[in-house]
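Dear colleague,

Please find below the structure that I am handing over to you. My findings follow directly after it.

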Amino acid sequence: MMKLKRIFLAGIVAGVVFNMSPMGMAAQPSVPVNATCIVTPREKLDGKTFVKYHGKTYGFCCKSCVKKFRKNPEKYITRFAASQNCIAGVCTDKKGDV
Ligand SMILES: [Zn+2]
């Protein structure tokens with residue numbers, strides 16, 4: 001019986017080590033910060049064209065938008081950030097607009 005108990009305990013220890021391993025932190029799927037193409041906002045993402053820029057993932061509707069983005073990423077990111085201030089049609093970046 002002692003031997004079985006030792007195996008049982010070893011299993012618990014192994015389970016604890018497994019739970020403490022940083023597996024949950026590894027290999028996070030790339031989720032784009034934008035819901036529509038960052039270059040052509042009226043287009044939806046194609047679901048396979050992504051670019052990582054400054055630690056963030058941006059999605060695109062097509063490869064040609066990636067080329068445009070790479071030429072001037074800050075332009076599109078700035079525009080995207082500005083559009084994020086609008087929630088349900090209410091923009092907070094315009095003065096006097098409540
Ligand atoms: Zn596109």
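The protein contains 3 helices and 4 strands, where helices (H or I, at least four residues) and strands (E, at least two) are DSSP runs numbered from the N terminus. Along the sequence, these elements follow the pattern α-β-β-α-α-β-β.

This is a predicted model, in which local features need pLDDT of at least 70 and side-chain atom pairs count only at pLDDT 80 or more, while totals for chains, interfaces and linings use all residues. Residues are numbered from 1 along each chain as its sequence is written.

Confidence

The mean pLDDT (the predictor's confidence in each residue, from 0 to 100) of the protein is 78, and 58% of its residues reach 70 or more. Among the elements, helix 2 has the highest mean pLDDT, at 98, and helix 1 (residues 2–20) has the lowest, at 57. Over residues 20–26, pLDDT stays under 50, and the model has 0 contacts beyond four places in sequence for this stretch. Two residues are in contact if their C-beta atoms, placed from the backbone, lie within 7 Å.

Burial and the nonpolar core

Of the 98 residues in the protein, 9% are buried. A residue is buried if 20 or more other C-beta atoms lie within 10 Å of its own, exposed if 12 or fewer, and partly exposed in between, with C-beta atoms placed from the backbone. Among contacts between residues at least 6 apart in sequence, 32% join residues at least 24 apart.

The largest nonpolar core has 8 residues, namely C37, I38, V39, Y58, F60, C61, C65 and Y76. A nonpolar core is a set of buried Ala, Val, Leu, Ile, Met, Phe, Trp, Tyr and Cys residues joined through C-beta atoms within 7 Å. One of the core residues, F60, touches C37, I38, V39, L45, D46, T49, V51, C65, V66 and F69, not counting residues up to four places away in sequence.

Strand 1 and strand 2 run antiparallel and are joined by 4 bridges; two strands pair if DSSP finds at least two bridges between them. Within this pairing, K52 has T57 in strand 2 as its bridge partner, and V51 stands opposite Y58.

Most residues other than glycine have a negative phi. H54 counts as exposed because it has 8 C-beta neighbours inside 10 Å.

Residues of strand 2

Y58 is placed in strand 2 and is buried because 25 other C-beta atoms lie within 10 Å. Leaving aside neighbours within four places in sequence, Y58 is in contact with P32, V33, N34, I38, F50, V51 and Y53. The C-alpha atoms of Y58 and S30 are separated by 9.0 Å, and these residues are 28 apart along the chain.

G59 is also found in strand 2, and it counts as buried because it has 22 C-beta neighbours inside 10 Å. With neighbours within four places in sequence left aside, the contacts of G59 are P32, N34, C37, I38, L45, T49 and F50. G59 and I38 are 21 residues apart in sequence, and their C-alpha atoms are 6.7 Å apart in space.

F69 lies in helix 2 (residues 63–71). F69 is partly exposed because 19 other C-beta atoms lie within 10 Å. Not counting residues up to four places away in sequence, F69 touches I38, V39, V51, F60 and Y76.

P41 has its place in the loop between helix 1 and strand 1, and P41 is partly exposed because 15 other C-beta atoms lie within 10 Å. Residues up to four places away in sequence not counted, P41 touches T36 and S83. P41 and Y76 are 35 residues apart in sequence and 9.9 Å apart in space, C-alpha to C-alpha.

With kind regards
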